[in-house]
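User: Hi! Could you walk me through this structure? I'd like to chat about whatever stands out.

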Amino acid sequence: MCGIIGYTGNKNALPILIDGLEKLEYRGYDSAGVAVVSGGKIRFKKRKGRIDVLKDSVRSDNLTGTCGIGHTRWATHGEPSDQNSHPHLSLDQRIALVHNGIIENYAKLKDQLKRLGHRFLSDTDTEVLVHLIDHHYSGDMIAAVNQALLEAEGSYAICVLDQNSPDRIICAKKDSPLIIGEGNGEMFIASDIPALLPYTRKVYFLEDGETAIVEKSGAQIFDRYGKRIFRKAYTVDWDISAAEKAGYPHFMLKEIHEGAPALKRTIFPRLKSGRIVFPDLDIKELLCSAQKIFIIACGTAYHAGLTAKYTWEREFKIPIEVDLASEFRYRDPYLSKNTLVILLSQSGETADTLASLRHAKAAGAKTLAITNVVGSSLARLADNVIFTLAGPEISVAASKSYLTQVICLALMLISSSFTGQKLTDAVNFLTALPDLAQLVIKEQDQIKKLAHLYHSKKDIYFIGRGIDHAIALEGALKLKELSYIHADAYAAGELKHGPIALIEDSSLVIALATYPQLFDKIAGNIMETRTRGAKTWVITTKSGYKRFADMSDHITVIEDAPDWAIPILAVIPMQYFAYYACIERGFDVDKPRNLAKSVTVE
Ligand code: F6R
């Protein structure tokens, strides 16, 4: 989704703003813009399309200035165009503003402002904000910003530039992330940590309702009542190289390769004397005292959550419900103080997941966030938090974050309910797991060939039973989002109830067959598709090899593993398949069409 960058210091702001925008590209965008204060005036450029287009257009202009703001826009209100891009300016071009989020009552505010003589140049909700600030301005910009935000309904992270205060940026946030970075005599603002990594690790997270005045000497943060807040700085421990391609052609490929080290980082610090320990969190008490557990997430994180349903319900003997955040928040589920709601999110900023957290808290349920981003809204707002330690995930399509989410859920299970030999076996397996994942990661060539063979298919079907169905769903999601091939995943037992009608000569069916108790059942389903002419690619375990070798056109064999670990090994071939199918079809892996990394609006 949209990205924000801001700089004030002694250096030329423009290269820093452009570099920041490039670091934010991964969030997904369709236009970009910058504004700087130069010679007492605001000068700006905004362009539809890639940042390179903006770069070309600023090259001819001398946009020099030591304080500025930048934005990548992912269109919601108003088509992608130069005019709708940010920054938006007051009509006299004295004030410039960039905004992430949605101003829900913009139409009403726009009407009121029009009646007062304001003239609008774009179709966006954002432009209303800058006019509203302009309308309220009578010498005190921060008061004008606060007043405008009081009247605006919806979500926002904003940066405001005022030509009368040429070294200062005013920023504010509600339901959309904003981070202030402190350098040496210079300050930065960004919607996301990777944009700040080349410059500083010392950051301040702005909370909802807060406003800040950022000047090169530092930031002053105020709460919604205007009271000054003294916030402790947080030191980011992400490595800059983790947010760069490091010789890989795409972040997606790099991040698939980072799966094994990400698993190590997530598992090993929690292994203590043959047990699994989450410091500062009594996970057993939290899980075992609940009468019902919800796991709430979107997209890939939802698929990771689904895998836990199969392993947790069996052990905990309580209902585990896994729900899409966009559904959960509106369906009024029964929640009480005995309910535990687990929110699973790589970014920790997904709007629906955050709204579900608020909904659960308001209903008195206990909450636990599992997220990859320290300082994210989810991490700060939930009662408890567990971090997946995947490192920054830049590729829009999630890969290593799925692995670490699945393993976090498994660690919670093992820590709370395994004892004796079962615990020892699990800990031994966990110790070996990153190396087993590495073995699968090394096997990319076979999958590359399959992608070459099948990349021109119009439809591809994934099937699985039990936990394999949850894994199949992730395989299909990955394939459709990267290659734009229509892909669907079915619970294999459902085929005969409808989907088998789709199977025709040479359809490709990818069958997940890793669960020994269901080998016979899935074998029957695979045969049903083969007899109707389908080609089959079976992903199975060593112990399944014999069973499935004769009924597959292609077979990928992974190590035998307990069901809480199998999704980790089984998903990697499907991640590669999606990656290489995308390359074969000539699309941009790291920038899939219409998608954004962090979905911060509903
Ligand atoms: C798919 C993908 C998305 C995200 C979803 C949730 O590859 O990345 O489906 O998984 O948007 O995002 P987070 O985990 O940040 O809440």
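**A chat about the model**

Analyst: Happy to! Ala-246 counts as exposed, because its relative accessibility is 56% and the cut-off for exposed is over 50%. Keep in mind that this is a predicted model.

User: Okay, where is Ala-246 found?

Analyst: Ala-246 is in the loop that runs between β15 (234-235) and α6 (251-257).

User: And what about the phi of Ala-246?

Analyst: Phi of Ala-246 is near 50°, a positive value in a residue other than glycine. For context, most residues other than glycine have a negative phi.

User: What is phi like at Asp-332?

Analyst: Positive as well: phi of Asp-332 is near 55°, and this is a residue other than glycine. You'll find Asp-332 in the loop between α10 and β20.

User: Is Asp-332 buried or exposed?

Analyst: Asp-332 is exposed, because its relative accessible area is 62%, and over 50% counts as exposed.

User: Which loop holds Tyr-330?

Analyst: Tyr-330 lies in the loop between α10 (325-328) and β20 (339-345). Tyr-330 counts as exposed, at 52% relative accessibility.

User: How many residues surround the ligand, and which are the closest?

Analyst: There are 13 residues around the ligand, and the closest are Ser-345, Gln-346, Ser-347, Thr-350 and Glu-481.

User: How do the residues of the shell divide into nonpolar, polar and charged?

Analyst: The shell around the ligand has five nonpolar, six polar and two charged residues.

User: Nice. What is 2.5 Å from an oxygen atom of the ligand?

Analyst: That is an N or O atom in the side chain of Thr-350. In the side chain of Lys-478, an N or O atom is 2.8 Å from an oxygen atom of the ligand. Val-396 takes part through its backbone, where a polar atom is 3.2 Å from an oxygen atom of the ligand.

User: And how much of the ligand does the protein bury?

Analyst: The protein buries 90% of the 410 Å² that the ligand exposes when taken alone.

User: New topic. What kind of peptide bond goes from His-86 to Pro-87?

Analyst: The bond from His-86 to Pro-87 is cis, with omega near 0°. In general, most peptide bonds are trans. Pro-87 itself is in the loop between β4 (67-73) and β5.

User: What about His-88, is it buried or exposed?

Analyst: His-88 is buried, because its relative accessible area is 2%, and buried means under 20%. His-88 belongs to strand β5 (residues 88-89). A polar atom of the His-88 side chain lies 3.3 Å from the backbone oxygen of Ser-85.

User: Last one: where is Lys-546?

Analyst: Lys-546 is in helix α18 (residues 545-549). Lys-546 is exposed, with a relative accessible area of 76%.

User: How far is Lys-546 from Ser-122?

Analyst: The C-alpha atoms of Lys-546 and Ser-122 are separated by 63 Å, and the two residues are 424 residues apart along the chain.

Conventions
Residues numbered from 1 in each chain as written. Predicted model: local features only at pLDDT ≥ 70, side-chain atom pairs only at ≥ 80, totals over all residues. Heavy atoms only, no water. Near = heavy atom within 4 Å. Polar contact = N/O pair within 3.5 Å; in protein donor to acceptor, adjacent residues only side chain to side chain. Areas by Shrake-Rupley, 256 points an atom, 1.4 Å probe, with all protein chains shown as cover. Nonpolar A, V, L, I, M, F, W, Y, C, P; charged D, E, K, R; others polar. Helix = DSSP H or I, 4+ residues; strand = E, 2+ residues; numbered from the N terminus. Buried < 20%, exposed > 50% of the residue type's maximum accessible area, 1.4 Å probe, protein only.
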